Amino acid sequence: MEYIRLETDSDGIVELIFDQQGKDVNVMGLEYEQAMSQAVAELESMKDRITGVYVRSGKPGQFFAGGDITAMLELDLDAGVEKKEEMFAGIMQTKALLRRLETLGVPVVCGINGAALGGGFEIALACHHRLALKNVAVGLPEAQIGLMPGADGVVRLVRYVGMQEAIGLISTGKRLKAEAALEKGLLHQLFDTEEEMHAAARAWIVANPQARQPWDQDGFKIPGGSPSDKDDQAIQGLMFFGPANVMTQTRGLMPAQKAIFAAVVDVARVDFDTAAKIEARYFLSLLLDQTARNMMTAFFVQMNALNKGASRPDGYEKTAVSKLGLLGAGQMGAGIAFVAAKNGIEVVLKDISLEAAERGKAYSAQVCESNKRIDEDQAEEILSRIHPTADYEDLRGCDLVIEAVFENRGVKATVTRESEAVLGEEAVFASNTSALPITELAEASVRRPNFVGMHFFSPAEKMPLVEIIAGEQTSDATLAKAFDLAQQLGKTPIVVNDGPGFFTSRVIGKTIAQGHNMLEESVDPVLIESAAKFNGSPVGPLSAIDEISQETAYKNGLQARADVEEQGGVWEDNAASRVLERMVNDFGRKGKVHGGGYYEYPETGKKFLWPGLRDAFAAAGYTELPYQDIKDRLTFCQSLEAVRAMQEGVIDSVGDGNIGSIMGIGFPAQTGGVFQAINAYGVKAFAERAVELAERYGEDFTPPALLLEKAEKGELFT
Amino acid sequence: MATEALIYDAIRTPRGKGKAGGALYEVKPIDLLTRLLEAMKDRHDLDTSRVEDVIIATGEPVDEQGQDIAKAALIYSSWDDVTVGAQLHRFCAGGLDAVNLAAAKVASGFEDLVCAGGVESMSRVGIGASGAAMGDPWVSMNSHFISQGLGADLLAQLDGFSREDVDRYALQSQQRAANARDNGYFTSLVPVTDMNGVTILDHDELIRGDTTLAALAALNPSFQMFNDFGHGDVLKFKYPQIENVSCIHTPGNSSGIVDGAGLVMVGNEQVGQDLGLTPRARIVSCALTGTEPTIMLAGPVPATQKALQKAGLTVDDIDLFELNEAFAAVVLRFQQQLDIPDDKINVNGGAIAMGHPIGATGAMIVGSLLDELERRNLKRGLVTLCAGGGIGIASIIERV
């Protein structure tokens with residue numbers, strides 16, 4: 001047997017050892033199916049002669065990775081009913097193997113020596129007793145890629161921890177540390193070494209010859225109550241308000257969360273074997289679901305490639321920064337300083353005065369305080385790594401310096417020169433700008449190959465993305481170093497080329513622009529914001545500006561204008577600049593921090609749109625547009641701009657574009673990102689809809705040549 | 001074979017407060033219904049063997065109202081064994097739907113004499129006691145289900161009704177109901193008595209004729225919690241133009257929770273002659289229709305239009321309207337959209353003052369309308385209700 005070894009010892013204990021050949025980790029796919037089928041049959045044939053079964057992995061430090069996602073991605077989404085029947089039977093067969101194992105009649109123990117996620121944890125849940133090494137991660141994370149457990153993970157978890165807890169764990173796809181899983185009763189004992197764990201497994205088997213699953217014992221009741229407990233207010237409340245909560249949280253756009261909630265309730269109404277069929281039906285529906293496909297593509301395939309360095313130049317040793325310089329101790333600089341210090345990097349935090357730099361450090365102290373996972377000792381350690389200064393001299397010895405000063409070419413040029421004067425030949429200088437061209441900023445540098453753009457998002461301590469921008473002269477070595485630093489900071493890096501607004505800013509700029517176009521066209525602002533939210537965006541374009549503040553956006557606009565004019569260009573105003581000017585200068589509505597922008601922020605209760613918007617922008621009444629047009633205007637403009645960026649060579653990797661759009665600028669996650677959204681819609685249909693929108697709403701929707709070409713050839717963005 | 005469907009009688013019990021302490025709390029739902037069966041028999045010295053079917057609606061067909069309460073009550077009563085019975089559920093439209101079904105049976109000639117109505121003991125079998133198909137999580141997620149009361153708040157917001165508007169309507173309902181009770185306008189009301197003939201309740205118990213706008217304004221919104229716990233966002237799937245629903249419906253301007261029953265006897269002309277019955281009215285037309293289910297309460301206007309159209313009549317041909325006061329905004333919308341003056345609708349108050357015993361109401365207000373048409377010597381009336389799932393129902397009756 002290639003995948004599974006069965007080894008029987010003198011006590012009659014059979015070890016069932018997973019060790020898939022040719023793979024780093026064991027996965028649940030066709031090979032598993034075949035091997036497990038043989039193994040279970042063999043166990044059944046010798047069940048009267050054996051004492052128990054010990055399920056473990058033959059791979060050191062690796063237990064079981066879960067389902068075979070690569071194979072899942074090859075499934076035909078338009079499978080006919082016959083094919084679906086075959087798939088359903090296959091799912092039931094996989095389930096049956098674990099069911100046969102747990103009802104063999106002898107104790108079955110599992111020893112988890114590494115991450116047991118998804119399918120791996122489902123195998124563990126089918127064992128009567130679960131042991132694990134300390135610190136390993138367990139859980140059912142399928143929901144994070146648009147799926148749900150399909151090997152009775154839902155059926156069993158509900159029976160172990162109850163409906164309420166199961167919904168929470170499964171629908172968020174929460175990974176649990178072994179210690180937390182122990183507390184919830186999902187693991188039974190933790191160990192430092194595999195040897196100790198193996199010994200305990202044997203001992204438990206010998207001591208518990210009558211072991212059976214709780215649900216196979218008479219009088220079993222689901223902990224915490226079942227749907228038929230009419231008088232259980234907690235359960236009835238969960239069933240009444242839970243669905244509304246799912247719909248509100250996901251805007252109905254996440255089929256997995258819907259299916260999981262429903263499945264948890266449905267499997268709690270019936271016996272185990274019936275429940276298994278119910279779970280299989282929901283699971284099959286997700287396997288063939290476009291949203292799941294989008295999320296598997298972006299969050300599994302493309303994310304893994306990205307993390308493994310697909311966009312990092314090849315041939316450069318992995319580097320680590322030990323001393324990082326930060327210029328500008330404003331919220332951005334201070335936020336990055338905190339993240340760096342938290343990741344063990346010594347940070348020189350420089351501003352024009354020591355006081356300003358100290359204020360930046362104080363920001364880190366605040367962040368530590370508000371983070372429950374950082375205790376006092378850790379906070380002290382983090383803060384001790386941040387060295388505030390007003391002196392460039394202190395940057396001496398930094399491996400990398402990030403400037404996060406005001407978005408002004410002159411200021412940025414000055415700090416570049418002053419820093420480089422004390423930095424070593426190898427040191428990298430990174431500009432954290434959201435819009436100024438890196439190639440032009442690099443002109444101030446004496447070591448242009450070492451000059452790179454690193455666009456962090458605010459607040460830096462929370463936002464997971466870093467957009468790395470290669471200027472014309474940026475060397476591959478420098479790009480690799482910037483990439484490594486981003487990962488060292490625990491961030492996800494995407495790599496793009498230089499161009500106005502790079503990738504993320506130019507893409508999000510389009511939806512902000514559409515929001516303002518529509519406001520100026522007298523579209524009801526409630527509809528604009530609803531459309532964005534029901535597209536799956538975390539916030540609407542108007543809320544987004546309130547957060548940044550109208551004043552900042554307005555000043556950025558003036559700065560951009562000054563920048564264009566300074567470069568000899570001609571500035572053309574637009575809906576956003578016109579609306580912002582009126583908001584700031586005529587109405588004094590300068591943003592949330594200034595007391596209100598597009599929204600009012602009452603002291604108690606929820607924010608609501610400023611009633612003055614109607615007089616200001618729709619005095620003659622609201623313009624009626626089809627709601628679907630409003631929705632599409634907000635997302636199509638972004639995908640189309642992304643394609644333009646690709647066409648212009650600003651971005652090469654579809655994966656980086658997808659991940660960057662979701663993690664950096666809040667593009668709806670269920671679409672799988674700006675490019676995957678086009679694939680999911682159908683490239684040709686997308687191009688046709690774009691033409692329609694262009695006719696009605698202007699050239700932002702004119703499909704770029706690259707899109708038309710793909711549509712013509714029937715190609716996807718991959 | 002087709003014939004007219006004539007209403008030979010329409011009676012009801014008084015409505016008792018639908019909670020412990022209410023006058024009818026001690027009375028089993030089957031006794032409420034049986035009391036009306038016996039009264040119907042006594043009022044007409046009725047040969048019950050001629051009644052072919054009894055259709056009874058109830059909103060919670062479970063426990064004491066479970067299975068087929070109609071046949072159970074018939075067996076338990078003094079009626080002839082030949083009469084059969086059926087239980088019916090069409091949410092709040094059930095009571096009127098039973099009457100309409102009886103009319104359809106008679107008009108088609110399939111049957112000659114049928115009784116129909118509804119019964120609800122909300123004090124003994126509470127709202128939700130029978131569970132709900134719509135309450136299944138998968139179903140509710142795919143149906144954009146929200147609390148019905150929040151639907152009323154949404155309706156008010158879309159139509160531009162304020163808290164003061166709905167409270168003012170509620171005050172009018174109380175004052176009209178008190179006036180009607182005090183002057184004995186509810187002539188078809190049958191007191192509920194015990195096994196000894198001792199009266200348990202002989203008037204509508206919930207009416208608060210002395211309430212004031214200030215007292216109504218002081219009440220807290222009933223459905224704010226549903227709004228805040230997710231339903232306020234769920235409704236945006238259908239109504240994206242709504243930023244936030246302002247919750248204005250309270251216990252004071254929504255229908256009350258009560259116990260009660262209603263029974264209507266419908267037959268053709270021949271059976272009336274055979275049994276010496278005098279028809280009080282005929283059923284001119286009936287209509288059922290479905291509307292957007294999330295807001296749920298918009299059915300009465302299209303149902304009314306459909307019933308009018310089937311009868312070849314217009315709004316102006318109707319002398320009095322009886323629209324169940326599920327929530328004040330439902331009535332205000334109806335008046336606004338069909339241009340119905342105050343003095344032609346719910347002239348003796350409605351469910352805001354007297355309560356809404358879910359399955360029974362539709363049949364009860366047929367009787368109330370008929371009593372008032374007779375008192376005023378008017379010809380034509382229209383009964384309509386909103387109901388769960390967006391159902392609208394309406395019937396037009398005409399005195400003969």
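I started at a hairpin in chain B. E11(B) and E12(B) form it, with three residues between them. Gly389(B) sits in the turn with a positive phi of about 75 degrees. I took helices (H or I, at least four residues) and strands (E, at least two) as DSSP runs, numbered from the N terminus.

The model is predicted: local features need pLDDT of at least 70, side-chain atom pairs count only at pLDDT 80 or more, and totals for chains, interfaces and linings use all residues. Residues are numbered from 1 along each chain as its sequence is written, while chains are lettered from A and ligands numbered from 1 in the order in which they are written.

Next I looked up the pairing around E11(B). I counted two strands as paired if DSSP finds at least two bridges between them. E11(B) and strand E12 (residues 391-399) of chain B are antiparallel, over eight bridges. Cys386(B) has Gly392(B) in E12(B) as its bridge partner. Strand E10 (residues 320-323) of chain B runs parallel to E11(B), over four bridges. There I found Leu320(B) opposite Gly381(B).

Is strand E11 (residues 380-387) of chain B mostly covered or mostly open? It is mostly covered, with seven of its eight residues buried. Buried means 20 or more other C-beta atoms within 10 Å of the residue's own, with C-beta atoms placed from the backbone; exposed means 12 or fewer, and partly exposed lies in between.

I then turned to a sheet in chain A. It is open, has three strands in the order E7-E9-E10 and shows mixed pairing. Its edge strands are E7 (116-117) and E10 (175-177), each pairing on one side only. E7(A) and strand E9 (residues 137-139) of chain A run parallel, joined by two bridges. Leu117(A) stands opposite Gly139(A).

Leaving out residues up to four places away in sequence, Val264(A) touches Val154(A), Val158(A), Met163(A), Ala166(A), Ile167(A) and Ile170(A).

Last came the contact between the chains (C-beta atoms, placed from the backbone, within 7 Å). It takes 25 residues from chain A and 16 residues from chain B. On the side of chain A that touches chain B, the largest share, ten residues, comes from H9(A).

Methods:
Two residues are in contact if their C-beta atoms, placed from the backbone, lie within 7 Å.
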